[in-house]
Amino acid sequence: MLVIEDNHDAADILREVLELDGHVVEVAYGGQLGIEKARAFHPDIVLCDIGLPEMDGYEVARAMRADPELRHVALVAVSGYAQPEDVATSMRAGFDAHLAKPPGIEALNRAIAELGSQGETAVDSRGDAGAPPGL
């Protein structure tokens, strides 16, 4: 898995949570660096913040979908914005799922499981009221 998040603390906590679940995780603290790491690391799933400086998450998703080497990667948007129009925008950009920040552990695990078992599946976790606050 690859986490693309410019907030170092949030990225590192997310990495630790995912590693505790047995995932191999790399972190990139920016969009362009995330694309470069994805090319080198070949993740199955990328969790990408939308509000990145310089190259936002939508641009990351579009770039990955246009790259033959990366277009198969499952992309999960992670955003503080999770209204229906925000989710629709992330899906149009190429994301397979959208998690509201901070993602609850249950929502995160559910998205990973659905993407891992079904391939590219749209997941909207806004209704995850029972999940612990998590990250």
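Modeller: Buried means under 20% relative accessible area, exposed means over 50%, and partly exposed is in between, with a 1.4 Å probe and protein chains only. This is a predicted model, so local features need pLDDT of at least 70 and side-chain atom pairs count only at pLDDT 80 or more, while totals for chains, interfaces and linings use all residues. Residues are numbered from 1 along each chain as its sequence is written, and side-chain values use heavy atoms, with hydrogens and water left out.

My spot is P43. P43 is buried, at a relative accessible area of 2%. P43 sits in the loop between α2 and β3. Helices (H or I, at least four residues) and strands (E, at least two) are DSSP runs, numbered from the N terminus. Set aside the neighbours within four places in sequence, and P43 is in contact with M1, L2, A38, H72 and V73. Contact here means heavy atoms within 4.5 Å.

H42 is partly exposed, with a relative accessible area of 46%. Its phi is positive, about 55°, although H42 is not a glycine. Most residues other than glycine have a negative phi, and most peptide bonds are trans. The next loop, between β3 and α3, holds E54. E54 also has a positive phi without being a glycine, at about 70°. E54 counts as exposed, at 85% relative accessibility. A further backbone feature is the cis peptide bond that joins K101 and P102, with omega about -15°. P102 belongs to the loop between β5 and α5 (105-118).

Next comes α3. At its start, a side-chain oxygen of D56 comes to within 3.0 Å of the backbone nitrogen of Y58. The buried residues in α3 are G57, Y58, V60, A61, M64 and R65. They cover an arc of only 160° around the axis, which puts them on the same side of α3. The arc is that of the directions from the helix axis to the C-beta atoms. Their cover includes β1 (2-4), α2, β3, β4 and α4.

Follow the chain on from α3. The loop between α3 (57-66) and β4 contains D67. D67 counts as buried, at 10% relative accessibility. The side chains of D67 and R39 make a polar contact of 2.8 Å. A polar contact is a pair of N or O atoms within 3.5 Å; within protein, one must be able to donate a hydrogen and the other to accept it, and residues adjacent in sequence count only if both atoms are side-chain atoms.

Then the strands. β4 (residues 74-79) and β5 (residues 97-100) run parallel, joined by 4 bridges. Two strands pair if DSSP finds at least two bridges between them. V76 stands opposite A97 in β5. From β4 the chain crosses through helix α4 (residues 84-93) to β5, a right-handed β-α-β crossover. Right-handed means that, with the strands pointing away from the viewer, the path from the first strand over the helix to the second runs clockwise.

Back to the N-terminal helix, α1. A side-chain oxygen of N7 reaches to within 3.0 Å of the backbone nitrogen of D9 at its start. The 13 residues of α1 (residues 8-20) should span 18 Å at 1.5 Å a residue, and the end C-alpha atoms are 18 Å apart, which agrees. The expected span is 1.5 Å times one less than the number of residues. A11, L14 and L18 are buried in α1. Down the axis of α1, its buried residues fall within an arc of 65°, so they line one face of the helix. The face turned away from that buried side carries the exposed residues D9 and L20. Just after α1, G22 has a positive phi of about 95°.

Finally, the whole chain. The protein has 5 helices and 6 strands. From the N terminus, the order is β-α-β-α-β-α-β-α-β-α-β. Of its 135 residues, 47% are buried. Among contacts between residues at least 6 apart in sequence, 61% join residues at least 24 apart.
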